[in-house]
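Please read it alongside the sequence and the 3D view.

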Amino acid sequence: MKTAVAAPISEELIHRFDVSGPRYTSYPTADRFVEAFSVEDYTQALKLRRAGGAVMTLPLSLYVHIPFCESLCYYCACNKIITKHHDRAGPYLRYLSREVDLHTEQIGVGQTVTQLHLGGGSPTFLSDDELRELMAMLRRNFTFTPGGEYSIEVDPRTIDASRLDTLAELGFNRLSFGIQDFDPDVQKSVHRVQPAEQVFALVAAARERGFDSINADLIYGLPLQSPESFDRTLAQVVELRPERIALYAYAHLPERFKPQRRIPTVEIPSGAAKVAMLARSMAAFMAAGYVYVGMDHFALPTDSLAIAKRQGRLHRNFQGYSTQPDCDLIGLGVSSIGRIGATYSQNAKTLEEYYDHLDQGRFPVVRGLALSRDDLLRRAVIMAIMCQGQVSFESIELAHLVEFRKYFAPDMEALQKLADQGMVTLDETGIQVTDVGWFFVRAVAMVFDRYLQTDRTRAKFSKII
């Protein structure tokens with residue numbers, strides 16, 4: 001795959017391709033999941049995994065959702081439960097253990113795991129003893145391979161150096177810090193005050209403890225932000241020098257996400273200001289030596305994610321870009337999404353429903369999707385575009401027994417328009433995303449999305465970049 005250009009992308013180009021589209025952490029995307037996909041369907045998918053021998057040969061990825069947070073961040077659109085009652089964590093861990101037991105009944109104990117991610121909410125809402133309990137339960141049931149990626153999302157307001165010792169002791173080797181913005185006024189406006197000095201001290205302590213990689217999450221488009229104020233945050237992040245940076249656009253949808261109703265619309269930056277923030281962010285990070293991995297992600301050249309990009313080994317799952325091989329993902333906890341074989345599934349979104357399913361001895365799956373042959377074919381093409389930036393006609397034809405140009409004739413006609421604009425190059429052997437096109441890779445992938453071709457409800461998605 002070609003490397004990204006060193007020059008910043010112009011604001012004019014961003015404006016031209018600033019349309020709504022899926023992020024393609026899966027294809028089909030999660031909005032296509034249906035309630036007709038049942039617990040029985042999920043159970044059958046697990047049985048097929050075991051019957052097919054994958055149980056012994058293919059590693060697993062685990063995602064565990066911890067929904068609790070002590071404090072509400074007004075911008076947040078995650079599935080979370082705001083509470084200061086830490087005694088709610090104990091019952092939740094017991095139900096997680098029940099859910100794991102249901103899985104091991106189907107696939108056995110000792111499955112090899114190469115990737116674990118604890119997300120939320122705030123996983124660090126759990127006490128050190130509760131984190132130990134959780135990890136001990138997971139290690140009793142799964143085999144964690146040395147050298148895997150074991151990450152946890154960290155709220156800087158909930159940890160100190162001693163807690164970092166616990167995380168290292170438990171085997172976590174990657175941390176993701178929710179920074180969003182260092183500006184004090186912006187932090188107050190979104191109800192997430194965390195002084196820059198606190199974050200810098202924690203990152204320094206994490207490095208002393210030998211964590212392999214530190215990620216910093218940033219959001220542009222928050223209330224009271226301006227290109228100039230965000231420049232100051234960018235300079236601080238460059239000084240902090242995390243191995244990875246995730247830069248997200250804030251989508252203000254108060255009609256869908258109740259916490260956002262506390263943000264006055266008049267305080268939201270204009271579209272032009274957001275575009276300027278994005279363009280200046282790209283320029284700042286690339287000038288500081290970061291590689292644009294794709295979508296919203298940057299990494300230092302020495303980080304495994306940047307290395308995977310250079311070597312054409314990028315993969316993509318529900319947590320975004322990954323260095324781990326394409327594999328099944330078991331999602332544990334309320335609202336978690338998983339993938340087993342040619343199926344996707346999602347757990348109940350409320351604690352009450354999640355607990356009720358498990359009380360009945362049933363997987364808490366409430367929706368999902370069994371992929372069709374067309375879904376699998378298009379997934380292969382879209383993930384090749386999103387991860388490798390290129391599609392080999394021959395490899396797709398051999399794997400799926402189709403004539404690429406014939407099967408995708410209307411799609412190729414639409415793709416020619418992007419070729420005319422310099423986003424891709426086409427020849428007899430395949431499709432290659434250009435250096436500039438890599439910054440707009442979602443727009444290329446969208447060409448092959450059959451669901452977007454049959455309906456145009458793109459407003460529900462975030463912007464391209």
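## Strand β1 and its partners

V64 stands opposite L332, a residue of β13. The model is a predicted one. Strand β1 (residues 60–66) pairs with β13 (residues 328–332) in the parallel sense, over five bridges. β1 is also joined to strand β4 (residues 111–120), again in parallel, by seven bridges. In that pairing L60 faces V113 of β4.

How many of the seven residues of β1 are buried? Seven of the seven are, so the strand is largely enclosed by the rest of the structure. In a regular strand, side chains alternate between the two faces of the sheet. Both faces of β1 are covered: L60, L62, V64 and I66 are buried on one side, and S61, Y63 and H65 are buried on the other.

## The sheet of β17, β19 and β18

An open sheet of three strands runs in the order β17-β19-β18, with antiparallel pairing. Its edge strands are β17 (390–392) and β18 (424–426), each of which pairs on one side only. From one strand to the next the twist averages 15°.

β18 and β19 (residues 430–433) are paired over three bridges in the antiparallel sense. Within this pairing, L426 has I431 of β19 as its bridge partner. Helix α14 (residues 393–400) packs on the sheet and touches β17 and β19, with its direction at about 55° to that of β17. Helix α16 (residues 409–420) lies across β18 and β19, and runs at about 125° to β18.

## Aromatic rings

The count of aromatic pairs comes to 20. One of them is formed by Y42 and F363, an edge-to-face pair with 5.1 Å from centre to centre and 85° between the planes. Y42 belongs to helix α2 (residues 39–51) and F363 to the loop between α12 (351–359) and β16 (365–370), so the pair ties together parts that are 321 residues apart in sequence. Y42 is buried at a relative accessible area of 3%, and F363 is buried at 5%; both values count as buried because the cut-off is under 20%.

One aromatic cluster is made up of F68, Y92, Y95, F125, Y354 and Y355. Y95 also has a charged residue, R98, over its face. The table lists this contact with another of its kind.

| Charged residue | Ring | Distance to ring centre |
|---|---|---|
| R98 | Y95 | 4.5 Å |
| R139 | F144 | 4.8 Å |

## R157

Where does R157 lie? R157 is placed in the loop between β5 (142–154) and α6 (161–169). Its relative accessibility is 28%, so R157 counts as partly exposed. Beyond its neighbours within four places in sequence, R157 is in contact with S71, C73, H191, R192, V193, Q194 and Q198. R192, one of these, is 35 residues from R157 along the chain, and the C-alpha atoms of the two are separated by 9.0 Å.

## Confidence

The chain has a mean pLDDT of 91, and 94% of its residues reach 70 or more. Over residues 1–7 the pLDDT stays under 50, and for this stretch the model has 22 contacts beyond four places in sequence.

Conventions
Residues numbered from 1 in each chain as written. Predicted model: local features only at pLDDT ≥ 70, side-chain atom pairs only at ≥ 80, totals over all residues. Heavy atoms only, no water. pLDDT = per-residue confidence, 0-100. Contact = heavy atoms within 4.5 Å. Helix = DSSP H or I, 4+ residues; strand = E, 2+ residues; numbered from the N terminus. Buried < 20%, exposed > 50% of the residue type's maximum accessible area, 1.4 Å probe, protein only. Phe/Tyr/Trp six-rings, centres within 6.5 Å; stacked < 30°, edge-to-face > 60°. Lys NZ or Arg CZ within 6 Å of the ring centre and 35° of its normal. Pairing = 2+ DSSP bridges. Axes fitted to C-alpha atoms, helices over the stretch in contact; angles between N-to-C directions.
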